[in-house]
Every structure is written in C-alpha cells, then in structure tokens.
Amino acid sequence: MENERKFINSERRLGTGWVVTIIIALVLLIFGGGYIHYSNSLNSAKQDYEQQQGDLQSALQRRSDLVPNLVNSVKGSMGQEKKVFGQIAQARKEYNTAAKSGNTKDQANASAQLSATTANLINVINERYPKLTSNDNVRRLMDQLEGSENRINLARRRYNDAIKIYNNKVVRFPSSMVANMKNMKTKSYFKADENAQKAPKVDFDN
C-alpha cells in the first residue's frame, strides 16, 4: 500500500513536471516567435526607408549636377547677374557639404535653399532674358531642373512615409521592446526649416 502511494505521488510529480516544462516551452515559443516577427518587421521597415533614402539622394544629386550646366549655359549672356550666380554657388556648396555630413536636417535645409536659388535663377531668365528661353539647350536644362524638382518632391514624400512607418514600429508596443533590444532609434523626417525655403530676392531695379 505504501509503495502504491509512493508510486502515485511519483507519477503526479512527474506529470506536474511535464506540465511545467510544456508551459515554459510554450512561453519561450511565444516570446521567441514574437521577437522574430517584430524583429523582421523592424528590419523590413528599415530597409524600406533606406531604399527611399537612396532614391531621394539620387534625385537630389541629379538636380545638383544639372544646376552648374544651366549656369554655364546662361552665364555668358547674364554676366551682370553676379549676385544670382553667387547665391547659387553658395547654396550648391552648402548642399554638397550637408550631403557629406549625412545629417538629415542639414541636407533638407541645404536642398531647400538650392531649390529656392535655382528657382530664382529661372525666374530671372524668364523675366529679364526671354530670348534665352528660346535657346534649345537652356530650355531643355530648365525643363530638366523642373522635372528634377518634381522627382525630389515625390522622393521626399515617399521617404517621409517610410520613416513614419519605421518610427511607428520603433515607438509602439510591443515592437518597441524589440527595437530597444536592437538599439533601433527613431529617424528624422526630411523636412527643411521655413527660412531655408525662401529664395533670396533680386532687385531688378538695381
């Protein structure tokens, strides 16, 4: 009788041990599966915004390369517009410096300033040098620059959309726990200060 009780208690302990083991295994499986799922989701979001960032940088670089081509095409006929050309040269220099720094805010500000000064040049051409607009090369470069601005606006919007998705995953529970474990931080939007988007004014009367 005593042996039977010992055997039954032993079976109960063994059964309880299996139940505990199974529960622990299930908990580890759930947490492990959750970690893998949210880690993959964060990595995918990171790859998406990096791809959009590359597209944006390509559009910005294309515009930056076109600007000196336009300047060189019109400079001979607009020799007196030194102020306009100086503004563009400075804006392009600041953009190239910001592009090398990798700082999103600086790049956004420098890009907005280059957009403003380029638009200013095109306005000067249209208003003061209408004959230049009939030049095929000048007209083509102006059209390409306008097309570049459209590409930049689209690429910037897509980049910011991708950043929003990524940032939401980084800050929202439970993916935020995995983000903290992987030391993944929120990223800045590509958004310039309002002052950076104002084109320097050219006084046509002077």
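**Exercise 1. Determine which residues Arg 63 touches, not counting residues up to four places away in sequence, and whether Arg 63 is buried or exposed.**

Solution. Step 1: with contact defined as heavy atoms within 4.5 Å, Arg 63 touches Ser 111, Leu 114, Ser 115, Leu 145, Ser 148, Glu 149 and Ile 152, residues up to four places away in sequence being left out. The model is a predicted one, in which local features need pLDDT of at least 70, side-chain atom pairs count only at pLDDT 80 or more, and totals for chains, interfaces and linings use all residues. Residues are numbered from 1 along each chain as its sequence is written, and side-chain values use heavy atoms, with hydrogens and water left out.

Step 1: Arg 63 is found in helix H1; helices (H or I, at least four residues) are DSSP runs numbered from the N terminus.

Step 2: buried means under 20% relative accessible area and exposed over 50%, with partly exposed in between (1.4 Å probe, protein chains only). Arg 63 has a relative accessible area of 0% and is therefore buried.

**Exercise 2. Describe the cavity found by a search of the whole structure.**

Solution. Step 1: a cavity is a set of points, on a 1 Å grid over the protein atoms alone, where a 1.4 Å probe fits but cannot get out; lining residues have an atom within 4 Å of a point. The search finds one cavity of 30 Å³ or more.

Step 1: about 40 Å³ of space lies in the largest cavity, where a volume is the space filled by probe spheres set on the points, joined across faces, edges and corners.

Step 2: the lining consists of Gln 53, Leu 56, Gln 57, Thr 104, Gln 107, Tyr 159 and Phe 190. Helix H1 (2–74) and helix H3 (104–128) are the elements that give two or more residues to this lining, and H1 supplies the largest share, three residues.

Conventions: 1 Å grid on protein atoms, 1.4 Å probe; cavity = no way out; pocket = protein on both sides within 12 Å on 5 of 7 lines; lining within 4 Å.
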